[in-house]
Amino acid sequence: MPTPSGSGTTDPTPTRPAADASGPEPAADAEGPVPRGPRPGGAGYRAVFAVREFRAVFLAHLLSMLGEVICGIALSVLVYRVTGSPLLSALAFAFALLPYVIGGTLLSAVADRYPARRVLVVCDLISAGCVAVMVVPGMPVGLLLVLRCIPAAVSPVFSGTRAATLGDILGEGDLFVLGRSVIRLTAQGAQLVGFAAGGLLLAAVSPRGVLAITAAAFVASALVLRLGTRRRPARTDGRRGALLGDSLRGMKQLFAVARIRALFLLYCVPPTFVVMSEALMTPYSDGLGLGSTGLGLLMCGMPIGAIVSETLAGTLLSPAGRARLTLVVAVVCMLPSLGYVFEPSFGWALALQVATGCGMAYSLGLDQWFMAAVPEELRGRAMTLLTAVLMTAQGLGMAVAGAVAEAAPVYLVVTGAGVCGTVCSLLAVALVRRGTARPGAADNTR
């Protein structure tokens, strides 16, 4: 882990180069803070990429995401070739998610206690080191899985620190929202490209060779962040008690605010139920008699829907327009899953997956509300914890869907997920609206 920062820094005051460019200041409405004033349609994403530091963050994110996706494929293949066990091969993927809750809760204070650039670079180097050790011939499978867990534990710290740093780089207005959108879109795109690239690499290179390429990608990401971003001071004093205690205190402070609790819930509820259909695509496609190509296309449906809808929402809608749609889309994003009650054929199932993915655009408005609700000194911890909670919730959603599908037909499980998800999303929306309307809520949304 990084050590406490030195006494000097080159940037005592976080710079917000895009704040003036983004123009409008936030204002509160019935659903949450919305920036006033028009934003020219189609100019938002270009303005984000006009910021040099963001381009460095974007490139580093692309490299690390591709490395993460390809690492999962290569390690899964390596473990299966060594053991012949489908369970151990699947654990190579699962262990990339399960440790998130550990890093997100116990290490969240790292994001605020140490300079952001140092945290990001060290996290990348830790990931690179772990993957490099995997390349060593004869490595026991148990150790390979342990090494897989370590990058997963630091990943929420990395993601939370990067998300908080976007507020320093892009300001707290619409450009921050669009910057977060670019990061999400890159993650979705990296999954599509990474799975294809991983398959091609494994056709030409051994799994250990692919892992070596992955380690190089993490090192490249660390170099881009080190050379392409500015040094900024820590948000809080790194000497204020033990790391674990500081992390838990920050979590307690965050969840003590009703508005923040409600926003956390709204972030997590729709994805938890949305991923249930994705988790069951393998048995569903098998029931339709589809081969691996058909399954691959079904798996691509949700990321494609998310990429298209979020790009259109970020390009064509103003901040106020996106905010007005946030709560509505958070509820209706589960409705396509109800179509599985008719046991749809391949074409209809693909359309339903794409439509479900489109609902993830609700996060655009939610990002601005969350940034406004969280105090500056807790922002890194909040983003780290949010990453951990999101990943854990989706992992649990997948597990529950699989368990229920052991006793019920897959199409009914997906339909039930749509019903339960819609009801739970309505409850989460009600809590967000109550938190906004409650006297004193303006203090929480700042």
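Is E68 buried, partly exposed or exposed? With a relative accessibility of 26%, E68 counts as partly exposed.

1. First, the ground rules. This is a predicted model, in which local features need pLDDT of at least 70 and side-chain atom pairs count only at pLDDT 80 or more, while totals for chains, interfaces and linings use all residues. Residues are numbered from 1 along each chain as its sequence is written, and side-chain values use heavy atoms, with hydrogens and water left out. On cover, buried means under 20% relative accessible area, exposed means over 50%, and partly exposed is in between (1.4 Å probe, protein chains only). Helices are DSSP runs (H or I, at least four residues), numbered from the N terminus.

2. Start with two helices, α3 (residues 52-83) and α8 (residues 141-170). They pack at an angle of about 165°, and their axes are 12 Å apart. Axes here are lines fitted to C-alpha atoms over the stretch in contact, and angles run from 0 to 180 degrees between N-to-C directions. That makes α3 and α8 roughly antiparallel (the word is used for angles over 145 degrees). The crossing of α3 over α8 is left-handed, that is, the near helix is turned anticlockwise from the far one by less than a right angle.

3. A salt bridge is a side-chain nitrogen of Lys or Arg within 4 Å of a carboxyl oxygen of Asp or Glu. Since R148 sits in helix α8 and E68 in helix α3, the pair ties together parts that are 80 residues apart in sequence. R148 has 5% relative accessibility, so this residue counts as buried.

4. E53 belongs to helix α3 and R232 to the loop between α10 (207-228) and α11, putting the partners 179 residues apart. Both E53 and R232 are buried. In total, the structure holds 7 salt bridges.

5. While you're in that loop, have a look at R231. R231 counts as partly exposed because its relative accessible area is 24%. Between R231 and P115 there are 7.1 Å in space, C-alpha to C-alpha, although the two are 116 residues apart in sequence.

6. Now for helix α17 (residues 363-373), where 11 of 11 residues are buried. Among them are W369, F370 and also D367. D367 has a relative accessible area of 1% and forms a salt bridge with R180, the closest N and O atoms being 3.3 Å apart. R180 lies in helix α9 (residues 174-204), 187 residues away from D367. At 16% relative accessibility, R180 is buried. A network of salt bridges links R180, R184, E310 and D367.

7. Finally, the surface. V101, I102, L106, L244 and L248 make up a nonpolar patch with about 390 Å² of accessible area together. Patch members have over 30% relative accessible area and no salt bridge, with nonpolar side chains joined within 5 Å and, for charged patches, like charges within 9 Å. Helices α5 (100-106) and α11 (243-255) each give two or more residues to the patch, and α5 has the largest share, 3 residues. L248 is in helix α11 and, at 38% relative accessibility, counts as partly exposed.

Terms used. Areas by Shrake-Rupley, 256 points an atom, 1.4 Å probe, with all protein chains shown as cover. Parallel < 35°, antiparallel > 145°, perpendicular 65-115°, else oblique.
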